[in-house]
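I opened the model and kept notes on what I looked up. The entries follow in the order I worked.

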Amino acid sequence: MKIYVTEDYKAMSRKAANIVSAQVILKPNSVLGLATGSTPEGMYAQLVDWYRKGDLDFAAVKSVNLDEYVGLEPTHEQSYRYFMQHHLFDHVNINPANTNVPDGLAADPAGECTWYNQVIRNMGGIDLQVLGLGGNGHIGFNEPGNAFELETHVVDLKEETIEANSRFFASRDDVPRQAMTMGIKSIMMAKKILLMASGEAKAEALKLAFTGPVTPQVPASILQLHPYVTLVADKAAMSKLEGLL
Ligand code: F6R
């Protein structure tokens, strides 16, 4: 595993954007696995900036997002489709037809998940998967549990995730209770993984993920078994790992 420790969130964002840019420059038709949430926002802003300066070209890029809430329409401000449009897709020359996010309004969410697995396969798999980290160790919406769920599936969100995400909604009651998420196998099949973490709230999860046992109780711990992980984290997120990695 390659580890970059940065001073702060801004430097983490820039380093992560460097890694995504390198991927797109070296392989213009890359399949990017993308994440939402507050962690990658700064990275997307940096990528948009470099695109505007003419340093990046997304014309041949394809993307597949990790997850989406069940029940939110794509235009809902808290849907992950909306997030991606707002932070990246609307500002760069990616072909909208090449962007994939599970459909939150799918009448049959389980069927949507099966279809999504096929979408990923048809694209030939993911070249670089960007991941954020939940404070409870989740990746995508793969919550702590008794088994690693393999491919894209419907998940009941944990109370702590509903709580953590309620900051984005008018009230806690407005947070959807279910999501569709790529599974651990979908994530582990990516050729490369870029895990980002910022802030003290992620320090314990990072420590458990990389110094503890590989267990579905800490979903991110599976990344110990992936051959090509790059961790980009700021000092605060790394604070409990000093001297351990
Ligand atoms: C987002 C996702 C989640 C987040 C995680 C961290 O697509 O799959 O796993 O990466 O919940 O969220 P933030 O970045 O908001 O702390």
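**Ground rules**

I am working with a predicted model, where local features need pLDDT of at least 70, side-chain atom pairs count only at pLDDT 80 or more, and totals for chains, interfaces and linings use all residues. Residues are numbered from 1 along each chain as its sequence is written, and side-chain values use heavy atoms, with hydrogens and water left out.

**Aromatic pairs**

I started with the rings. A pair of aromatic rings is described by the distance of the centres and the angle of the planes. I took Phe, Tyr and Trp rings (the six-membered one for Trp) as paired if their centres lie within 6.5 Å; planes under 30 degrees apart are stacked, over 60 edge-to-face, the rest tilted. The structure holds seven such pairs.

I looked at Y44 and F83. Their centres are 6.2 Å apart and their planes stand at 70 degrees, an edge-to-face pair. Y44 belongs to helix α2 (residues 41-52) and F83 to helix α3 (residues 80-87), so the pair ties together parts 39 residues apart in sequence. For helices I used DSSP runs of H or I with at least four residues, for strands runs of E with at least two, numbered from the N terminus. Both Y44 and F83 are buried. My scale for this: buried is under 20% relative accessible area, exposed over 50%, partly exposed in between, with a 1.4 Å probe and protein chains only.

Next came Y69 and F169. Their ring centres are 5.7 Å apart and the planes meet at 80 degrees, so this pair is edge-to-face. The two residues are 100 residues apart: Y69 is in strand β4 (residues 67-69), F169 in the loop between α5 (159-165) and β8 (178-181). Why does Y69 count as buried? Its relative accessibility is 1%. F169 is buried too, with a relative accessible area of 9%. I also noted one aromatic cluster made of Y69, Y80, F141 and F169.

**Charges over rings**

I then checked lysines against rings. The rule is NZ of Lys or CZ of Arg within 6 Å of the ring centre and within 35 degrees of the ring normal. K15 has its charged end over the ring of Y4, 4.8 Å from the centre. K192 does this with Y228, at 5.5 Å from the ring centre.

**Salt bridges**

I counted a salt bridge when a side-chain nitrogen of Lys or Arg is within 4 Å of a carboxyl oxygen of Asp or Glu. That gives eight.

D49 bridges to K53, with the closest N and O atoms 3.0 Å apart. D49 is partly exposed at 29% relative accessibility, while K53 is exposed at 57%.

Which partners does R172 have? One is E159, at 2.6 Å from N to O. This pair links distant parts of the chain, 13 residues apart: R172 sits in the loop between α5 and β8, E159 in helix α5. Another is E163, where the closest N and O atoms are 2.7 Å apart. R172 is partly exposed at 29%, as are E159 at 49% and E163 at 44%.

I also found K27, D127 and K191 linked in a network of salt bridges.

**D127**

I stayed with D127. It lies in the loop between α4 (109-122) and β6 (128-131). Is D127 buried or exposed? D127 is buried, at 5% relative accessibility. I took contact as heavy atoms within 4.5 Å. Beyond four places in sequence, D127 contacts Q23, K27, N29, S30, V31, K191 and K192. D127 and I193 are 66 residues apart in sequence, yet their C-alpha atoms are 8.4 Å apart.

**V20**

V20 is in helix α1 (residues 9-26). V20 is buried, at 2% relative accessibility. Setting aside residues up to four places away in sequence, V20 touches L32, M43, L47, L128, V130 and L194. For V20 and L47, I read 27 residues apart in sequence and 8.3 Å from C-alpha to C-alpha.

**Surface patch**

Last, I looked at the outside. Patches are built from residues with over 30% relative accessible area and no salt bridge, joining like charges within 9 Å and nonpolar side chains (Val, Leu, Ile, Met, Phe, Trp, Tyr) within 5 Å. Areas are by Shrake-Rupley with a 1.4 Å probe; for residues, only the protein chains shown count as cover. M1, I3, V5, L244 and L245 form a nonpolar surface patch with about 450 Å² of accessible area together. I3 is in strand β1 (residues 2-6) and is partly exposed, at 31% relative accessibility.
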